[in-house]
Structures are given as structure tokens and as C-alpha cells.
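Please look over the model below before reading the points. They are meant for someone who has not seen it before.

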Amino acid sequence: MRFDVVTLFPGMFTGPLEESIIKRARERGIVSIYLHNLRDYATDRHRTTDDTPYGGGGGMVMKPEPIFAAVESILGGEEGVPVILLTPQGRLFTQEVAMELARHPRLVLICGRYEGVDERVREHLVTDEISIGDYVLSGGELAAMVIIDAVTRLLPGVLGDPGAVFEDSHARGLLEYPHYTRPAVFRGWEVPEVLRSGDHAAIARWRREQALRRTWERRPDLLEKAQLTPEDREFLARLREEKKR
Ligand code: ADE
């Protein structure tokens, strides 16, 4: 999969994209990440990428010409590639959106800065707008890195355990069950007996119930969309009864 990132600050990406899982995915050729400095596409003498807003008011607005030039040069006429603007006004990024994006062979990510980008970029260039949460960052760079990370780890061959992404929190609409490793007793705190029992059916049941309990306690909103079996519903009903008592 190929990512092309349009940014005024390519230097921000070097640390996060050169460590750990993304580093390995790049080395294995599973992802390629190209960083494009927007300033290189500004044509005036001062390489201007922003200007004051029509109508007055504070702040600066990113000019349309360099952004159009960058994206058109990057795509070279290729069609069907999502061109995504990172903005707090976009649709909310979720695990579901990550899975959707992972199905594309190629993505272009545009990192907004300042007060925003000229509206004509949204109207005539961009095909999608994504926000990573209801807060305002100083620019789209961190958001682009979040998307690259969440999408890359879903690609086949990136994680050691190919089943892991299906067990993740949010992958099936629930938060994940708790994890333990050695030692069996740490400062007097024991690992739950069932996990040491070797009874795989009992372990699977325990994990499912823990995931349900956790989601019910922390993110009950997720239960409305999760796919639940009749046993899951019974367990949740029992939790509700328990709480009433
Ligand atoms: N740019 C500024 N804030 C952002 C957010 N929350 N998500 C995506 N891009 C942004």
C-alpha cells in the first residue's frame, strides 16, 4: 500500500514512521510512504502557501494553487485514489474507517494548517475529510500519522500474529479482554485461575465475558452497534441485574 502525504512539515513524520511496526512494514515493502513538502509546489518567489482570509478576520488560510499542484503531480492522472483532507470537520476516524481505508492500494493525505484550507480544495480536489477526534490539533500531521499507523497494522504480513487485528479493541465492536503474562503472582496479585487452567473453551468464554463487562462499564455506547449472540445478551442482562442488586 502506498501513502502520499502533503505537508508543510515533513520533518514531523521522521520519528514515528521510522520505528517499530511501521519501520518493519516499510522494510518489507508492505507500505511505502512518500512525504511531499507543500512548499515545493508554491511557484512564487517567496514560496507562499498561505494568505489572509477574504472577508477579514484573524488567522491565515492555505492557498489552493500549491495543494492542487501537489496532488495533481502526485497522482499523475491516476483515478480512484482517495484524496483525504485531515480536518476537525471531517468524519470521525474509527476502526471501521481504518479497515475501509486498508482496502485501497493507495491514499493521498493532505495535512491542513492554520485556520484551514481554501474551500475550493474541499469542493474540487478532496474526496474525503477525516477527523481523528473532537479536539483541535495544530495541524493534520499527527492525524495523518494516526491514520497511517492504524491502517498499516491491518495489512497482511505486518503483525506477527495475523489473527491479532481481529481481537483488538473495537475490531468487533467491543473493548478487548484483560491480558496477563508471567509471573503468575506479582506482589500478591494473582493471574485469574481460568487463564492458567488450559481449558480453552473456558478461557474463550471468560474472555468474551470480560470484553462484554468492560465495554458495558466503560463504553456502553459501543454495545448498541456490536454484534451480540444470545449468550452475550443473557450475560449483559445478568450484569444489569447484578448492578440493580
Ligand atoms: N487537524 C486539526 N485538528 C484535527 C483533528 N482533530 N483531526 C484531523 N485533523 C485535524
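This is a predicted model: local features need pLDDT of at least 70, side-chain atom pairs count only at pLDDT 80 or more; totals for chains, interfaces and linings use all residues.

1. Residues are numbered from 1 along each chain as its sequence is written, and side-chain values use heavy atoms, with hydrogens and water left out.

2. Five strands form an open sheet in the order 2-1-6-5-7, with parallel pairing. Strands and helices are DSSP runs numbered from the N terminus (strands E, at least two residues; helices H or I, at least four), and two strands pair if DSSP finds at least two bridges between them. Strand 2 (32–37) and strand 7 (128–131) are at the edges with a single partner strand each, so one side of each has no neighbour in the sheet. From one strand to the next the twist averages 35°.

3. Six bridges join strand 1 and strand 2 in the parallel sense. Val 5 stands opposite Leu 35 in strand 2.

4. Helix 3 (residues 64–75) packs on the sheet and touches strand 1, strand 2, strand 5 and strand 6; contact means heavy atoms within 4.5 Å. The direction of helix 3 makes about 165° with that of strand 6. Angles run from 0 to 180 degrees between N-to-C directions, and axes are lines fitted to C-alpha atoms, for helices over the stretch in contact. Helix 4 lies across strand 5, strand 6 and strand 7, at about 170° to strand 5.

5. How do the axes of helix 4 and helix 6 cross? The axes of helix 4 (residues 95–102) and helix 6 (residues 141–152) come within 9 Å and cross at roughly 75°. The two helices are therefore roughly perpendicular (65 to 115 degrees). Ala 98, Leu 101 and Ala 102 of helix 4 meet Ile 147, Ala 150 and Val 151 of helix 6.

6. The largest nonpolar core has 33 residues, of which Phe 3 and Leu 101 touch the most other members. Such a core is a set of buried Ala, Val, Leu, Ile, Met, Phe, Trp, Tyr and Cys residues joined through side-chain atoms within 4.5 Å, buried being under 20% relative accessible area with a 1.4 Å probe, protein chains only. Helix 6 supplies the largest share of this core, seven residues. Beyond its neighbours within four places in sequence, Phe 3 has contacts that include Val 31, Leu 107, Ile 148 and Val 151.

Conventions:
Angles under 35 degrees count as roughly parallel, over 145 as roughly antiparallel, 65 to 115 as roughly perpendicular and the rest as oblique. Buried means under 20% relative accessible area, exposed over 50%, partly exposed in between (1.4 Å probe, protein chains only).
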